[in-house]
Amino acid sequence: MTGSPKLATEGLGKTFPGPDGSPESEVCALTGVDLVVGGGEFVSLVGPSGCGKSTLFNCVAGLARPSSGRILIDGREPERLLGLVGYMPQRDLLMPWRTVLDNCTLGLEMSGVRRREARARAREALPRFGLDGFEDRWPASLSGGMRQRAALLRTFLAGRDVMLLDEPFGALDALTRSGMQAWLLEVWESDRKTILFVTHDVEEAVLLSDRVYVMSGRPGRMDMCVEIDLPRPRALGTTTTPRFTELKARILAPLQTAALAQAGLPE
Amino acid sequence: MVLPPLAFSILFLAAWQAYCVVFDISDAALPTPVEVGQALWDQRQLLLDNTWVTVQEILLGLLCAIVVGVTLGALIRGSRMIERAVYPWLVVSQLVPIPAIAPIFVIWFGFDLRPKILVVALVSFFPIVVNTVDGLKAVEPELINLMRTLGASRRRIFLSAQLPAALPFIFSGVRIAAAFSVIGAVFGEWVGASEGLGYLILTLNNQTATDEVFAVVVVLAAIGIGLFALISLIERIVLPWYHRPRVDAAP
């Protein structure tokens, strides 16, 4: 990587006030999080639930103000984070009162692009996202996988350089998920946007990413960063190669230890 | 689709007729359906003349209620302070008995349409306000967050997310309000009117023409049903997405 990374956090921390407002009841969701994502990189965050991944995302997206540390975009601390970073939350949040096409244009519309032009741009991108022919349907008539693709298209079209994807495939069944992973790899290859991807599925993280950050929780912190040196472009078949298995084991080890500890079982 | 209500109505009417005949009920107490039907036909001109006035009161009153109700609902949702200040007064407005307040309206506005419209609006606007507020609250906070990350202004968020999400609730409120509006028009006319279906009930009651009173009630019921149907039709046009059945699509 040359120059400043696209996205970086330094010593990011977030504490939430407790129910009675006293310092003792404060909840520390994140502490000392250092994260770096270079331009065009696909970086994943894995960690157990409650490790602060969502809080981290909310801070980077500008929805929550960090209690400590800073967030840098292109090496500078922006005055206002809200709207700088593309954000795809876990649920697709497609508006039921808008057609698929008009849902995809939401980001463009909010940026001031005229309806007609926004619709044209969305129509162009529909085939790539496997939604050709569905532009005038209501979201309620789409399957889970299609809804996620529509939500992803909405995020892509919003045109931010950095995209935060929060477990986009978490709610899908295993088969659909594999298909979506292969599809995301292909779509990302052509665009090479900078992506920060949260998942609880270690295999998914290793398959998709250039680097994987492993977090542990309560309070949330970065434990390690694993470089994924598997060659690109990747295919679903990569998951059975020995190198893949090695990397996966390296990441799984601390997570499994933590899970056992939490369940009160011996290691 | 029409068969069940039709069948039930016929059954009901047959039972009513049988009851009156078998137990020899006096027609001043409970006229038979046949007698009511006869009165409907004989008095059709009288009924028609008075229907239009009442329908006007209902429609205009409902329209007022919708405009005031939705606006008030949006204001209440937009500000905690307004909510706390206004809500108690809203509740009070519904507790004042109509027979007490309607004469005051007549004193203010005279015997024309306005006091009746006001009474209709008064009884109709509360469910609309409550449902508007609840509807605006029904937007998922995550959707609002998403729109904020897309750089949407507060106005944009209100128009593109909160209002459309609230519309089904608002329509529910309008349906409830419609039911109240018919009764409201009748009460309004009882206090000071020289025409209208409510006024007809009063005069016919004094003449113990029970079958004709029932005929008026039938007309009022038809108006109520017609209103409901109209609201559903409008809802179907305005919210085409709301009634869509789930269709399985291949992924």
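Student: What covers the buried residues of H7(B)?
Tutor: The cover includes helix H1 (53–61), strand S5 (86–88) and helix H3 (106–110) of chain A, together with H8 of chain B. Helices (H or I, at least four residues) and strands (E, at least two) are DSSP runs, numbered from the N terminus. This is a predicted model, in which local features need pLDDT of at least 70 and side-chain atom pairs count only at pLDDT 80 or more, while totals for chains, interfaces and linings use all residues. Residues are numbered from 1 along each chain as its sequence is written, and chains are lettered from A and ligands numbered from 1 in the order in which they are written.

Student: Which residues of H7(B) are buried?
Tutor: B:Asn145, B:Leu146, B:Met147, B:Arg148 and B:Thr149. A residue is buried if 20 or more other C-beta atoms lie within 10 Å of its own, exposed if 12 or fewer, and partly exposed in between, with C-beta atoms placed from the backbone.

Student: What comes just after H7(B)?
Tutor: B:Gly151, which takes a positive phi of about 85 degrees.

Student: How many residues of chain B are in contact with chain A?
Tutor: On the chain B side 20 residues, in contact with 25 residues of chain A. Contact means that the C-beta atoms of two residues, placed from the backbone, lie within 7 Å.

Student: Which elements of chain B give two or more residues to that side?
Tutor: Helix H7 (141–149) and helix H8 (154–191) of chain B. H7(B) gives the most, with seven residues.

Student: What is that side made of, by class?
Tutor: The side of chain B that touches chain A has eleven nonpolar, three polar and six charged residues. Ala, Val, Leu, Ile, Met, Phe, Trp, Tyr, Cys and Pro count as nonpolar, Asp, Glu, Lys and Arg as charged, and the others, Gly among them, as polar.

Student: Back to H8(B). How does H6(B) pack with H8(B)?
Tutor: Helix H6 (residues 113–137) of chain B packs with H8(B) at an angle of about 155 degrees, with their axes 7 Å apart. That makes H6(B) roughly antiparallel to H8(B); angles under 35 degrees count as roughly parallel, over 145 as roughly antiparallel, 65 to 115 as roughly perpendicular and the rest as oblique. Axes are lines fitted to C-alpha atoms, for helices over the stretch in contact, and angles run from 0 to 180 degrees between N-to-C directions.

Student: And where do the axes of H5(B) and H8(B) come?
Tutor: The axes of helix H5 (residues 98–109) of chain B and H8(B) come within 9 Å and cross at roughly 60 degrees. B:Ile98, B:Pro99, B:Ala102, B:Pro103 and B:Val106 of H5(B) make the contact with B:Phe187, B:Gly188 and B:Val191 of H8(B). By class, that contact has seven nonpolar residues, one polar and no charged.

Student: What is phi at A:Asp74?
Tutor: Near 55 degrees, a positive value in a residue other than glycine. A:Asp74 is in the loop between strand S4 (68–73) and S5 of chain A.

Student: Why does A:Asp74 count as partly exposed?
Tutor: Because A:Asp74 has 15 C-beta neighbours inside 10 Å.

Student: And B:Asp24, buried or exposed?
Tutor: B:Asp24 is exposed, with 6 other C-beta atoms within 10 Å. B:Asp24 has a positive phi of about 50 degrees, although it is not a glycine.
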